[in-house]
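Biologist: I've just opened this one and would like a guided tour. Could you walk me through how to read it?

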Amino acid sequence: MIELIDDLDGSVATQTVSFALDGASYEMELSDENAEALRSSLAPFAEKARRAGGRKQSASQVRTGGPDPKAVRSWAMAQGLDVNPRGRVADSIVQQYLAAN
């Protein structure tokens, strides 16, 4: 089993959050509380900013930093791919899922 650790305070993380600043992209694992704090602190700036590319994500993608892991696992199993029943889904499987959907 893979356990995600919050990169900010060392607690149990529940999601991966992606963001960019000054041309650099970042990802970090955060608890729901810390993810909400990050989003809240950036919200006033994001509301006034213009989009510079990328695609808009669904609510589940924003919350988890990608597509719904349950949907990815279900799709992967239906395709006969080897996928862990728990923990983080391998990036290669997520990329295949995104390409197919």
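Biologist: Let's start with a pair of helices. Are helix 3 and helix 4 roughly parallel or roughly perpendicular to each other?

Modeller: One caution before that: this is a predicted model. As for the general idea, two packed helices are described by the angle between their axes and the distance between the axes. Here helix 3 and helix 4 pack at an angle of about 85 degrees, and their axes are 10 Å apart. Angles of 65 to 115 degrees count as roughly perpendicular, so helix 3 and helix 4 are roughly perpendicular to each other.

Biologist: Which residues of helix 3 and helix 4 make the contact?

Modeller: Helix 3 brings A71, V72, W75 and A76, while helix 4 brings I93, V94, Q96, Y97 and A100.

Biologist: Now burial. Which residues of helix 4 are buried?

Modeller: Look at residues 91-100, which form helix 4: I93, V94 and Y97 are buried there. They sit on the same side of helix 4, because they cover an arc of only 100 degrees around the axis. The face turned away from that buried side carries the exposed residues D91 and A99. And the buried residues of helix 4 pack against helix 3, residues 69-78.

Biologist: And what about helix 3, which residues are buried there?

Modeller: In helix 3 the buried ones are V72, R73, W75 and A76. Seen down the axis of helix 3, they fall within an arc of 165 degrees, so they line one face of the helix. K70, M77 and A78 are exposed on the other side of helix 3. The buried residues of helix 3 pack against helix 4.

Biologist: Which residues make up the largest nonpolar core?

Modeller: That core has eight residues: V72, W75, A76, V83, V89, I93, V94 and Y97. Helix 3 and helix 4 each supply at least two residues of it. There is also a second, separate core of five residues, including M28, L30, A35 and L38.

Biologist: Let me zoom in on V89. What does V89 touch, not counting residues up to four places away in sequence?

Modeller: V89 touches P69, V72, R73, V83 and V94.

Biologist: What about backbone angles: which residue other than glycine has a positive phi?

Modeller: D22 does, with phi near 55 degrees. You'll find D22 in the loop between strand 1 (15-21) and strand 2 (24-30). D22 is exposed, with a relative accessible area of 78%. Just after helix 3, G80 takes a positive phi too, of about 80 degrees.

Biologist: Stepping back, how many helices and strands are there in the protein chain?

Modeller: The protein chain has four helices and two strands. From the N terminus on, the elements run β-β-α-α-α-α. Of the 101 residues in the protein chain, 24% are buried.

Key:
Residues numbered from 1 in each chain as written. Predicted model: local features only at pLDDT ≥ 70, side-chain atom pairs only at ≥ 80, totals over all residues. Heavy atoms only, no water. Buried < 20%, exposed > 50% of the residue type's maximum accessible area, 1.4 Å probe, protein only. Arc of directions from axis to C-beta. Contact = heavy atoms within 4.5 Å. Core = buried A, V, L, I, M, F, W, Y, C linked by side-chain atoms within 4.5 Å. Axes fitted to C-alpha atoms, helices over the stretch in contact; angles between N-to-C directions. Parallel < 35°, antiparallel > 145°, perpendicular 65-115°, else oblique.
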